[in-house]
Amino acid sequence: MEAAVGYVSGDADSLLMATELRLGLPGTDDQKSKTMFSPPATPRGKKRTADAFEDSAAAEEAHKADDDVEVAPPVAKAQVVGWPPVRSYRKSCFQAAAAASKSKANKKAEDATSSNKTTPSAAAPAAANANGGSFVKVSMDGAPYLRKIDMRMYKGYRELREALEAMFVCFSGADTAASNPSEYAITYEDKDGDLMLVGDVPFDMFSGTCKKLRIIKRSEATGLGSK
Amino acid sequence: MRDAADDSDSPPSHMSEDSDGSGAGAGGDTWAPDLRGANGGNNGRWAPPDQVLENVLESVLEFLTAARDRNAASLVCRSWYAAEAQTRRELFIGNCYAVSPARAVQRFAGVRAVVLKGKPRFADFSLVPNGWGARVSPWVDALGPAYPRLQRICLKRMTVSDDELALIPRSFPLFRELSLVCCDGFTTRGLAVIAEGCRHLRVLDLTEDYFHEETEVVDWISKFPECNTSLESLVFDCVSVPFNFEALEALVARSPALRRLRVNDHVSIEQLRRLMARAPHLTHLGTGSFRSEPGSSGASSVSDLATSFAAAAKSLVCLSGFLDVNAEYLPAIYPVCANLTSLNFSFASLTSEELIPVINHCVNLRVFWVLDTVGDEGLRAVAETCSDLRELRVFPLDATEDSEGSVSDVGLQAISEGCRKLESILYFCQRMTNVAVIAMSENCPDLVVFRLCIMGRHRPDRVTAEPMDEGFGAIVKNCKKLTRLSVSGLLTDKAFAYIGKYGKLIKTLSVAFAGNSDMSLQHVFEGCTKLQKLEVRDSPFGDKGLLSGMNYFYNMRFFWMNSCRLTVKGCGDVAQQMPNLVVEVMKDHPDDEGEVDTVDKLYLYRSLAGPRTDAPEFVNIL
């Protein structure tokens with residue numbers, strides 16, 4: 001299912017400890033003090049022993065909580081599998097939104113969520129599809145079902161556009177409007193969950209970052225910028 | 001709101017822990033022989049039971065519904081055992097591996113409803129490796145022939161394939177209710193078979209199930225019978241694929257009994273209004289995206305939407321959805337707010353400014369689920385308005401350890417002061433103090449469920465930098481009805497000493513990154529006499545702690561230990577000494593040559609079925 005951050009167990013710790021930089025408080029036991037720069041696989045919880053841990057960790061955590069003193073340059077804590085205990089189903093709804101709102105300072109929450117939120121669809125299994133291959137879903141507004149295409153099959157934007165037109169011609173025909181290709185715009189959802197217009201970046205870059213394709217009516221495309 | 005609960009295992013009765021004794025079995029030790037057909041059946045070993053007395057007994061036993069009570073009744077004597085086995089209508093299996101399907105089916109002849117739970121809860125957090133088990137197939141194979149009159153199936157955390165779903169209409173012509181919670185393995189193809197085949201279907205509830213990528217989405221909504229249906233509840237917000245809206249609208253129009261409808265995020269406001277017009281008597285509504293159709297010229301105005309809600313105000317009590325909410329439309333729900341007892345905003349990223357006006361209208365709210373974007377100020381509004389609140393859940397928008405966290409001890413304290421009747425709380429935060437937790441323990445003595453998740457690991461009191469021992473200690477001491485507890489933050493053995501000393505009613509305990517030594521586990525085992533489910537992760541407990549539970553494991557449904565300090569030998573000792581316990585151990589990296597003797601995951605559970613035969617390679621059953 002999900003790719004998990006694994007744990008490196010037991011004895012590897014002592015080897016790592018010997019080579020690691022440490023910023024423990026003065027006077028704390030070298031053996032027992034926690035490392036600031038934990039390599040991703042090291043389980044922080046495991047390395048603890050009772051007493052010294054409490055002192056050093058408590059003081060350090062208090063610092064962190066108050067944001068008074070940066071003891072060290074900010075190091076992202078190694079993400080632990082399944083912590084905080086929020087269901088994957090729920091997490092996948094907000095991962096995109098959270099990342100976007102972090103990077104965009106002081107943007108209204110509504111804007112961030114409306115443009116960046118992924119649909120609360122299949123959980124992390126779906127999110128991890130990048131590992132599997134290059135198939136991406138293609139949806140079209142008004143079509144009853146989606147399609148999937150293999151991004152590796154196309155060398156450039158023109159081929160992609162032609163393939164999509166061929167695939168979805170049956171649906172646009174049902175519309176009262178003429179099945180005119182320029183009626184529609186092709187957009188895609190990138191790694192951050194943003195809805196982007198296809199065609200801006202080099203095709204290779206696009207095929208690497210594209211997670212999902214969406215064919216929308218041009219009339220909606222004009223509103224893209226304000227979303 | 002989900003009735004078949006997810007995190008809390010509390011409502012409704014058919015998923016409730018209180019319905020559970022020891023799975024299907026009573027006591028979990030030796031079994032009395034099956035006594036089916038005892039009325040009239042005279043095998044000469046004892047006098048035939050008095051027929052009249054037995055009929056009376058069976059009539060009386062009809063009133064016992066909770067499995068726990070029934071288990072107790074079945075232990076009185078053989079004839080009570082037989083009568084109870086004949087009259088049990090709901091079979092509750094809290095752990096699908098605790099008993100074999102054949103055995104359950106053999107004992108209970110008249111079952112009309114089956115509740116089955118599969119994977120342990122830690123599976124929700126990716127701690128149970130893929131392919132671990134909990135397939136429903138052996139159960140479906142057994143239930144089919146045995147219970148042709150089966151009406152209801154509820155599955156939680158099980159793997160159900162489309163083919164297995166297809167067996168339901170075939171095996172059970174009277175089938176009425178299907179509820180799948182946190183399940184996986186099926187697609188819209190399976191749903192189509194259910195819709196088409198189960199002509200008497202009343203309830204189809206799909207709650208937080210995991211949908212696989214589908215090559216082709218089936219138009220399952222169109223498969224419901226053409227005539228009027230008996231549908232009372234249709235919940236499919238987790239089936240997040242586009243569907244045939246016209247078919248849904250028509251379905252709702254011909255389902256006069258429909259009271260609960262929760263749609264997925266592919267339903268716009270305009271479509272929602274159409275549905276609401278077709279179903280004026282809805283009590284539970286999941287609003288879908290709560291956003292206008294993109295680019296549509298006929299976008300509803302807020303007042304249009306408000307009119308729709310005003311029409312529903314008399315009946316609507318539970319509102320959820322808001323899966324892609326456009327906050328401008330929120331005022332449209334004001335007409336129903338005063339009547340609402342349950343409101344779920346936990347998928348709606350709304351600021352406190354957007355939420356507070358809504359909250360201010362919800363004077364009768366009993367259940368409130370929300371994201372932490374509500375902030376401490378929003379929680380203060382809840383405290384001021386919702387004096388009747390019984391259940392609060394605050395989920396994190398950004399569920400990572402180093403996130404900002406928008407709620408804190410301030411919000412918790414405010415809630416405790418305003419919502420004195422609080423019974424259940426789930427609270428994700430980054431900053432907490434003992435003072436606030438103690439305040440809650442004193443202000444809310446009715447607490448049954450207390451789950452506090454301080455997301456930063458090992459985080460102490462924000463103000464005093466002390467461990468959170470005193471806070472949790474106060475909770476177990478003052479909240480005398482507490483049955484479920486999840487702890488977090490910096491905790492020492494002292495916290496567990498408190499839990500053992502005062503947590504006499506605790507049935508479910510979740511521990512993560514806590515404790516100093518094996519004494520913690522010992523305190524819990526020795527003190528929490530009602531303990532049923534214990535989940536521990538990343539805590540410094542080893543074999544000694546595990547062994548301290550030996551005398552108690554048979555009283556529990558399961559014990560899960562993840563990334564602690566167990567060894568294969570320690571777990572093996574337990575397996576050896578306890579024959580009715582299944583001890584499964586797993587390693588995170590099975591190929592890792594380094595540490596052969598350590599155990600990454602331990603899952604032990606009592607079972608009458610012995611070691612299971614469907615365990616995958618990475619599971620080692622000792």
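Modeller: What follows is a set of labels, each set against its definition.

Modeller: This is a predicted model, where local features need pLDDT of at least 70, side-chain atom pairs count only at pLDDT 80 or more, and totals for chains, interfaces and linings use all residues. Residues are numbered from 1 along each chain as its sequence is written, chains are lettered from A and ligands numbered from 1 in the order in which they are written, and side-chain values use heavy atoms, with hydrogens and water left out.

Colleague: How do you know how far to trust chain A?

Modeller: By pLDDT, the predictor's confidence in each residue, from 0 to 100. Chain A averages 59. In chain A, 39% of the residues score at least 70.

Colleague: Where in chain A is confidence lowest, and where is it highest?

Modeller: Helix H5 (residues 124-127) of chain A is lowest, at a mean of 34. Strand E4 (residues 195-197) of chain A is highest, at 85.

Colleague: What makes a run a helix or a strand?

Modeller: Both are DSSP runs, numbered from the N terminus: helices are H or I, at least four residues, and strands are E, at least two. On that basis chain A has nine helices and five strands. Along the sequence, the pattern is α-α-α-α-α-α-β-β-α-β-β-α-β-α.

Colleague: Why is Cys362(B) not called a disulfide partner?

Modeller: A disulfide is a pair of cysteine sulfur atoms within 2.5 Å. The structure holds zero disulfides over all chains. For Cys362(B), the nearest cysteine sulfur is that of Cys337(B), 3.7 Å away. Cys429(B) is in no disulfide either; the nearest cysteine sulfur, from Cys453(B), is 7.5 Å away.

Colleague: Are those two cysteines, Cys362(B) and Cys429(B), buried or exposed?

Modeller: Buried means under 20% relative accessible area, exposed over 50%, partly exposed in between (1.4 Å probe, protein chains only). Cys362(B) has 0% relative accessibility, so Cys362(B) counts as buried. Cys429(B) is at 1%, so Cys429(B) is buried too. In chain A, buried residues make up 44% of the 227 residues.

Colleague: What makes Glu208(B) worth a look?

Modeller: Glu208(B) is not a glycine, yet has a positive phi of about 50°. Glu208(B) sits in the loop between strand E5 (203-207) and strand E6 (233-235) of chain B. The relative accessibility of Glu208(B) is 3%, so this residue counts as buried.

Colleague: And what about Asp538(B)?

Modeller: Asp538(B) also has a positive phi of about 50° without being a glycine. The loop here runs between strand E17 (533-537) and helix H19 (543-547) of chain B. Asp538(B) is at 3% relative accessibility, so Asp538(B) counts as buried.

Colleague: Which peptide bond is cis?

Modeller: The bond from Trp83(A) to Pro84(A) is cis, with omega near -5°. Pro84(A) lies in the loop between helix H2 (50-66) and helix H3 (88-103) of chain A.

Colleague: Where does the label "COI1 F-box" come from?

Modeller: From UniProt, where an unreviewed entry lists that domain at residues 50-89 of chain B. UniProt positions are given in the numbering used here, feature names are shortened, and annotations may be inferred rather than shown by experiment. In the model, residues 50-89 of chain B are 72% helix and 0% strand. The end C-alpha atoms of that span lie 23 Å apart.
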